[in-house]
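Please have a look at the sequence and the fold before reading on.

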Amino acid sequence: METIESCELCGAAATPLLATFDRFGDLSLRPYRIGRCAGCGFTFLMDRPAAVELLASHQQEEYDPFLSLKRERGLYGTVYELMRDRNLRWKHRLIRRRLRPGRLLDIGCGTGEFVLFMRERGWDAAGMEPSAPARAFLQRRGAPVFADIPEQGAYDLVTMWHSLEHIPDLGRAAAKAAGLVAESGLLVIAVPNIDSADFRAYGPCWVALDAPRHLHHFRVSDLDRLFAPHGLARVGQRSLPFDVLYNALESEKLKARADGAGSLAALARAAVRGAGLLAAETLRPASAASICHIFMRRRAAAGLGENGQGGGGESAKPH
Ligand SMILES: [Zn+2]
């Protein structure tokens, strides 16, 4: 275990904010401190496992993103897969409004459902995934997949769906991802929002703290500061529609386990609280459970603004 004392964004010292657990382990142990930078307010995991343990922590039997590797899924797995399908369609609509099919790299693609979905819709899509079993699963389905972020390339679309928060060297990952975006391409990043109503509601039991897998906890401004030095500007942001309900359900289950309470009551509470949180994020998108951030090269974004084709707003590249 390594202790990260200083902020990866500004270098100032961090102070511990709260202690949390690995949700796949003993919840009474809280070995992981979440810290907040005294200089800029960036929030991150202070107690970080070594690289090998970090990779192993993702290969839990119960870890949802790798569900496709399991043979028996049960009712929960079936519901998760249904939601994942709705999610894929939502992501495709988001992209389709902004870009024609072209070259796509999905960084942290897991078992590659998004890569395959986009390939079926005319995209020349590849994935990047550090987990060898997940990579093999996608390769067997005929899609190209890298073990690390490639050093070179030009992609019309680079996506990171809930993966940036998992990558240890944040500065290097951001530089490499930004470098792969073609001149008028897009970088689309979805991450949990530490500024969310559900983090405030659940604290150490917020499922998206997900220690030790989640290393960084972003606000909107943190991502702007991370990508601005690489010439990227924000051209849009959206709330991820299903994450607030998933977070409410999983966080209530964790809270019930931590308190030694029954899981049926947790389900009922999740329904009530999830509805409340969903209403809150509809009224105030900045408090959403997860935010999908859309970046583009500053020059290209400025060009859109000048010729009046939607710069600065929700649309990015005209068809
Ligand atoms: Zn800082």
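A residue counts as buried here if 20 or more other C-beta atoms lie within 10 Å of its own. Please keep in mind that this is a predicted model.

**Backbone spots to look at**

- Most residues other than glycine have a negative phi, and most peptide bonds are trans.
- Asp210 is a non-glycine residue with a positive phi, near 35 degrees.
- You will find Asp210 in the loop between H6 and S11.
- Asp210 counts as buried because it has 23 C-beta neighbours inside 10 Å.
- The loop between helix H6 (197–202) and strand S11 (216–217) also holds Pro212.
- Pro212 is joined to Ala211 by a cis peptide bond, with omega at about 0 degrees.
- His162 is not a glycine either, yet its phi is positive, near 55 degrees.
- To locate His162, go to the loop between strand S9 (155–161) and helix H5 (170–179).
- His162 has 20 other C-beta atoms within 10 Å, so this residue is buried.

**The sheet as a whole**

- Seen from one side to the other, the strands run S8-S7-S6-S9-S10-S13-S12, forming an open sheet of 7 strands with mixed pairing.
- S8 and strand S12 (232–239) are at the edges and have a single partner strand each, so one side of each is left without a neighbour in the sheet.
- Helix H5 lies across S6, S9, strand S10 (181–192) and S12. The helix runs at about 140 degrees to S10.

**Strand S7 and its partners**

- How many of the 5 residues of strand S7 are buried? The count is 4, so to speak a mostly covered strand, spanning residues 124–128.
- S7 pairs with strand S6 (residues 103–107) in the parallel sense, over 5 bridges. In this pairing, Asp106 stands opposite Gly127 of S7.
- Between S6 and S7 the chain passes through helix H3 (residues 113–120), and this β-α-β crossover is right-handed.
- S7 also pairs in the parallel sense with strand S8 (residues 145–146), over 2 bridges. Here Gly127 stands opposite Val145 in S8.

How values were computed
Residues are numbered from 1 along each chain as its sequence is written. This is a predicted model: local features need pLDDT of at least 70, side-chain atom pairs count only at pLDDT 80 or more; totals for chains, interfaces and linings use all residues. A residue is buried if 20 or more other C-beta atoms lie within 10 Å of its own, exposed if 12 or fewer, and partly exposed in between; C-beta atoms are placed from the backbone. Two strands pair if DSSP finds at least two bridges between them. A crossover is right-handed if, with the strands pointing away from the viewer, the path from the first strand over the helix to the second runs clockwise. Two residues are in contact if their C-beta atoms, placed from the backbone, lie within 7 Å. Axes are lines fitted to C-alpha atoms, for helices over the stretch in contact, and angles run from 0 to 180 degrees between N-to-C directions.
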